[in-house]
Amino acid sequence: MQNCTILIPTFNRSRYLKPLLEYIVNNKYNMPILISDGSNIQSEIDSNKIIINKLNKDYSNLITHIIDDSFFMERLNTSIKKVDTKYCKINMDDDFFSKEFIDEAVIELDNNKDYSIITGYNLGYNKNRTNL
């Protein structure tokens, strides 16, 4: 699964980033992760660093943390240039995904060279964590 990088933009939301990264690591997705961190609160930056350093020990150092305080789209463009896999999934810090979706999307993109984007279903939860 090394042909897809997960690019995760985040901004002062370590409370969301941590569960997402733990989910990816615990499910052994084994794909590079690039965190594009625009946080402007030092405690958030520090929390993200701690989370990433801890999880990188279990994840073969596949998580890269880029701290960049530029505006969102500029930060996203800068981060995309650092992706060194064939494909990239931009995944917000509070969104989860399945490995099966990534696998199927990569196959679909490989088989349809005129495609440039694949999207899937979203499943949401309200603040009480009940399915919407």
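How many aromatic pairs does the count come to? The count comes to four aromatic pairs, where rings of Phe, Tyr and Trp (its six-membered ring) pair if their centres lie within 6.5 Å, and planes under 30 degrees apart count as stacked, over 60 as edge-to-face and the rest as tilted. The model is a predicted one, in which local features need pLDDT of at least 70, side-chain atom pairs count only at pLDDT 80 or more, and totals for chains, interfaces and linings use all residues. Residues are numbered from 1 along each chain as its sequence is written, and side-chain values use heavy atoms, with hydrogens and water left out.

One of the pairs joins Tyr23 and Tyr29, edge-to-face, at 5.7 Å centre to centre with 80° between the planes. Tyr23 also pairs with Phe96, again edge-to-face, at 5.1 Å and with 80° between the planes. Tyr23 sits in helix 1 and Phe96 in the loop between strand 4 and helix 4 (99-111), so this pair ties together parts that are 73 residues apart in sequence. Helices (H or I, at least four residues) and strands (E, at least two) are DSSP runs, numbered from the N terminus. Tyr23, Tyr29, Phe96 and Phe97 make up one aromatic cluster.

How open to the outside are these rings? Buried means under 20% relative accessible area, exposed over 50%, and partly exposed in between (1.4 Å probe, protein chains only). Tyr29 counts as buried at 6%, while Tyr23, at 24%, is partly exposed. Phe96 is partly exposed too, at 46%. Pro32, in the loop between helix 1 and strand 2, is buried at 13%.

Four strands form an open sheet in the order 3-2-1-4, with parallel pairing; two strands pair if DSSP finds at least two bridges between them. Strand 3 (63-67) and strand 4 are at the edges with a single partner strand each, so one side of each has no neighbour in the sheet. From one strand to the next, the twist averages 20°. Strand 1 (residues 4-10) pairs with strand 4 over four bridges, and Leu7 stands opposite Ile90 of strand 4. Strand 2 (residues 33-37) pairs with strand 3 over five bridges, and Ser36 has Ile66 in strand 3 as its bridge partner. In a regular strand the side chains alternate between the two faces of the sheet. Strand 4 (residues 87-90) has Tyr87 and Lys89 on its covered face, with Cys88 and Ile90 on the uncovered one.

Helices pack around this sheet. Helix 2 (residues 42-58) lies across strands 1, 2 and 3, running at about 165° to strand 3. Angles run from 0 to 180 degrees between N-to-C directions, and axes are lines fitted to C-alpha atoms, for helices over the stretch in contact. Helix 3 (residues 72-80) touches strand 1, strand 2, strand 3 and strand 4, and its direction makes about 155° with that of strand 1. Contact means heavy atoms within 4.5 Å.

The axes of helix 1 (residues 14-26) and helix 2 come within 10 Å and cross at roughly 5°. That makes the two helices roughly parallel (angles under 35 degrees count as roughly parallel, over 145 as roughly antiparallel, 65 to 115 as roughly perpendicular and the rest as oblique). Among the residues that meet are Leu17 and Leu21 in helix 1 and Ile51 and Leu55 in helix 2.
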